[in-house]
Amino acid sequence: MSDLARLAGVSKSTVSRALSGSERVTKATRERIQKLAQEHNYKLDTRARNLRKQDTLTIGVLLPSNGRQDWLATDPFILEMLGSVADSLEEKGSHELLLAKHTNNDPSWISEFARTRSVDGIIVIGQSLYHDELNKATDYHNAMVVWGAEIPGQKYITVGSDNYRGGRIATEHLLAQGRKNFAFLGDIRYPETRLRHQGYCDTLAQAGLEYRSELTTDSEHSSDAALQSLAELLNKPSAFDALIASSDLLAISAIKVITDHGLRVPEDIAIVGYDNITLANYSTPTLSSITQDRVSAGHLLVKKLFEILETGHSENSAIETELIVRGSSAVSEQV
């Protein structure tokens, strides 16, 4: 605005009034300033103006599905975090939430949303495989915060958990129970799952155990393909007595697959999931899980977004990661 005021030979306040169509500025001056703004591709920062005036902001919340037709927004982890985001926005004032979910395999919908939708800020719940597209979206909208892993070269702000530590403490716990043969259930193409898997591999190596790639099922969260892969592993002689799943939904489904094969959890195979969703308390047996505090995460996503709106800047942040021990890994106390 300062540059535009200098070009027009007027004050910043005159530029602001002219661009908002105020009649306190003469028609000739308004048209001259608006023409200059168009020539220099200048747009009034309505986000900052609305924030200063305490006006209602519109926040877009995106739920990427990575093109999977079977992905549901009713995933308990997503719903609980979405509820926390909505509660936190309400605490900030009467702000509107615009929810968008897309199952199209073309990731360009994210940057297209950032370019075409009149929103003041964007929260993305799920980094998925869209790192490049998220970077591109910041060219159109810098006020964007993503739930996911920190990746070198990212232009967007992330809020996430310590996924590497989560993989480590899950593995350490099962090692402490005397387990020797480990399997990993999850798609390591995803940045968060890849970090969990790396923590798992490093912990096995430090314990002097061999990493067996054939016992890692490279399948998506909560997909039928993952469970089919697990069933195939159970039919092979390469037995395992411990399983780490990259999500609680996969872990709970894995319990059924294992019991359907005539095996017991945790006596034959001990299991640890990830996310600590509410359902983990109600599975049979109850599920040990790495917790990610969705309430804290939702509040932190909103906090970081408003930092960008107010100052133009924020930093990546992480919530605490811990293991909640339940019946699926044969120990009752909490770690």
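A: The sheet and its core

In this predicted model, six strands make up an open sheet with parallel pairing, in the order 2-1-3-4-5-11. Its edges are strand 2 (96-102) and strand 11 (317-319), each of which pairs on one side only. From one strand to the next, the twist averages 20°.

At one end of that order, strand 1 (residues 58-64) pairs with strand 2 in the parallel sense, over seven bridges. Within this pairing, V61 has L99 of strand 2 as its bridge partner. Helix 5 (residues 76-92) packs on the sheet and touches strand 1, strand 2, strand 3 (121-125) and strand 4 (144-147). The direction of helix 5 makes about 155° with that of strand 3.

Next comes the nonpolar interior. In soluble globular proteins, nonpolar side chains tend to be buried together. Here the largest nonpolar core has 27 residues, and V85, I123, I125, W147 and L301 have the most contacts inside it. At least two residues of this core come from each of strand 1, helix 5, strand 3, strand 4, strand 5 (157-161) and helix 12 (294-311). Helix 12 gives the most, with eight residues.

I125 shows how these parts meet. Leaving aside residues up to four places away in sequence, I125 touches V61, L62, L63, P64, I78, M81, L82, V85 and W147.

Note on methods
Residues are numbered from 1 along each chain as its sequence is written. This is a predicted model: local features need pLDDT of at least 70, side-chain atom pairs count only at pLDDT 80 or more; totals for chains, interfaces and linings use all residues. Side-chain values use heavy atoms; hydrogens and water are left out. Two strands pair if DSSP finds at least two bridges between them. Helices (H or I, at least four residues) and strands (E, at least two) are DSSP runs, numbered from the N terminus. Axes are lines fitted to C-alpha atoms, for helices over the stretch in contact, and angles run from 0 to 180 degrees between N-to-C directions. Contact means heavy atoms within 4.5 Å. A nonpolar core is a set of buried Ala, Val, Leu, Ile, Met, Phe, Trp, Tyr and Cys residues joined through side-chain atoms within 4.5 Å. Buried means under 20% relative accessible area, exposed over 50%, partly exposed in between (1.4 Å probe, protein chains only).
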